[in-house]
Amino acid sequence: KMTQQMRDLQLAQARKPPGPSSPNAAKRLYRNLSGKFRVNYTSFDEGSLAGRGEKEKLRKSYLFQSNAALFEAVELQDLDRVQELLKQYSPEELDLNTPNSEGLLPLDIAIMTNNAPIARALLQAGAKESPHFVSLESRSLHLSTLVREAEQRVNELTAQVVNEAPNADCSEKEKQLKAWEWRYRLYKRMKAGFEHARVPDAPTNVHLSVASSSSVQVTFWEPLSVNSAVVTKYKVEWSSSPTFSPLLGEAVIDKLKNLHFTIRGLVSGTAYYVQVSAYNMKGWGPPQASVPPFAIPSNWREYDGRAPRRRRQAEALDHLLGQVKTVHQHCVCHEPCKNQPQSRKHSVSKSLKHLFHPGSKFLKTLKRGLYLTAIFYKDDNILVTHEDQIPVVEIDDTYSCLLMQDFLWFTKVSCMWDEILWLRQCVTVSQSSCSCILQTRFKMLLAISQMQGLLGIQDLGQVFFEPVKDKQGNILIITLKEVKTSQTFESVRWVPICKLQTSRKSVSSPEEPTALDTLLISIQDKLAYHQRSSHALSPGLYLGYLKLCSAVDQIRVLVPERLPNILCHVKIRSNPNISREEWEWLQKMASVEEPVPAEPEAETTQNHLFQELQVAIKELMTLVNIPLQEAKDFRLYSQEVLDFGGQVSFLLLLPPSDDVCTAPGQNNPYTPRSGFLTLPLQIFELGEEG
């Protein structure tokens, strides 16, 4: 018999007993084993084990039990237990794709009993169908054999139980009879599931889009009807002919977490037709052609041959900085550095004096002036001094009104934390000019060096977008940095933020809090801002809204609080690429003085983009609280697509020219709802670059 031959070949690697004694016994089996699965192997007394061989044998025993428990859970349709085992063990540890003594895999049992949730969980974990089922006939024959042998075994055990007198052996045979009766019903259900199943319908919503100049992407959904059998894979086919003859290529997708596929290595400017079909245990279903029926690999830059805006910019800036350093290498400001090795013998005494120098310590209280504070945090903990104070150093005790230009200069310096010593030396050259601006900026560099030296950390993090001020004339410039790993420091220590907030004694009144008190009260908001400003958008094409407002000394830009390093936006689609045909259509729309609702032809990429833009504009206007009828005067920025790293791109929606930037005192009738803030434009640019 075929089944018997398969069993003989697999006896050596059988991972599962022939069957549980009963359904209840099966439940007890894997539930009782579940406690053993959680044993930590390293907790055993290794002295009691006879070497590595015994430990490996013990480990294999537990893995064998986990494999058996997985089969039992699938057979009993216990989804929770299946998910627990898949989470607890790797596919290799579970022997997920090793057939049992019946030649079946867990996925075979799930799909032939039409248990879609368990089948999907197994498929996402990497489960496969049994390789023994090379055809429909072989699967049907195998199931018929399993049913017939189980029925025969039930008849034999029934006769033995009826003819034997009640005793211990009879009780054991009754247990075996119940187990085989249950297994007989399982095999019959699997056989009936296979016989009633049909090939799946075609996939739905098969959409084709241009991914780049050499690739297209197809996305699709599951068939509306799988005809009583779980779909286990899909096939994507492509051709340069609408008849799909000849076929240029095909790909089988068996990882079903995300139903999409990118066809790469295509020729730019060539039309490609794509179709998708689904597969279940009865075979491949009919193919479904994509909408639009073809796509031409291209990119919007091909419309006018424009080069990327940011090509080699970082390299050019590094080269420019290197040239500046070379010019300054032999300047007067570096002469003290040349003499430094000669004074090395005094380093110990100088370092001791440095400890007692009043300017070398963190400040406990603020007087009237400009200060720098560095906030380092990890989870719910923050770095404080040994006096339980946030690290603060003085910049200038005579500076009572921070100019915006000085603050913006400081934020640019934050991009060069490792170059502070060099910047100090360069600024020193101009000290003879006694410029107030240079004096202040030199003091900023001194304060940064002092903070770096006291903390023993070069990178002080990101500058918060606005200083904290109080009525006593104190101004705090704040830097924020999240520490990912556990580190210890000499002059500071970790404390819980909540403990710092409750234990600090305020020296100011609630009506007029000091800058330090204000910082401590709002520290959670600042940490949340810092975390959100480092989040990245998921890949896709977005519609952004550009709105500026000007003040006397700065221009500010409207951003969402949840993602302050990006303009107000909504997602148009997951594909970030704009094709040449789509861009050409956008250019035509932009060139029309009086826009008319001229929809592009149906079943084209332009038509799909048109529909996506309509939805995105409505969503964006609702987001920023602008009535939709006012958007009729808005326009798309048609000079370029803003590209961020190839995975994220933006189309910009602009208000009328007179309303792009609101002047001081100008009334803005449509103010966004809560959840937005305005950042200085230079701060936003630094965050966006990061």
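Which residues does N115 touch, not counting residues up to four places away in sequence? In this predicted model, N115 touches Q77, A110 and V230. N115 sits in the loop between α6 (106-112) and α7. Its relative accessibility is 11%. Buried means under 20%, so N115 counts as buried.

Helix α7 covers residues 116-124, and helix α4 covers residues 79-88. Their axes lie 10 Å apart, at an angle of about 5°. Angles under 35 degrees count as roughly parallel, so that is the label for α4 and α7. On the α4 side, the contact is made by L79, V82 and L86. On the α7 side, P117, I118, A121 and L122 take part. Seven residues of this contact are nonpolar, with no polar and no charged ones. In an α-helix, residues three or four places apart point the same way, because there are 3.6 residues a turn.

Next comes a second pair of helices. Helix α19 (residues 580-591) and helix α20 (residues 605-623) cross at roughly 60°. Their axes come within 9 Å. The two helices are therefore oblique to each other. Their crossing is right-handed. From α19, the residues E581, E582, W585 and L586 meet T605, Q606, L609, F610 and L613 in α20. This contact divides into five nonpolar, two polar and two charged residues.

Last, look at helix α15, residues 436-455. It has 20 residues, which should span 28 Å at 1.5 Å a residue. The end C-alpha atoms are 29 Å apart, so the span agrees. Just after α15 comes G456, with a positive phi of about 75°.

How values were computed: Residues are numbered from 1 along each chain as its sequence is written. This is a predicted model: local features need pLDDT of at least 70, side-chain atom pairs count only at pLDDT 80 or more; totals for chains, interfaces and linings use all residues. Side-chain values use heavy atoms; hydrogens and water are left out. Axes are lines fitted to C-alpha atoms, for helices over the stretch in contact, and angles run from 0 to 180 degrees between N-to-C directions. Helices (H or I, at least four residues) and strands (E, at least two) are DSSP runs, numbered from the N terminus. Angles under 35 degrees count as roughly parallel, over 145 as roughly antiparallel, 65 to 115 as roughly perpendicular and the rest as oblique. Contact means heavy atoms within 4.5 Å. Ala, Val, Leu, Ile, Met, Phe, Trp, Tyr, Cys and Pro count as nonpolar, Asp, Glu, Lys and Arg as charged, and the others, Gly among them, as polar. Buried means under 20% relative accessible area, exposed over 50%, partly exposed in between (1.4 Å probe, protein chains only). The expected span of a helix is 1.5 Å times one less than its number of residues. A crossing is left-handed if the near helix is turned anticlockwise from the far one by less than a right angle, and right-handed if clockwise.
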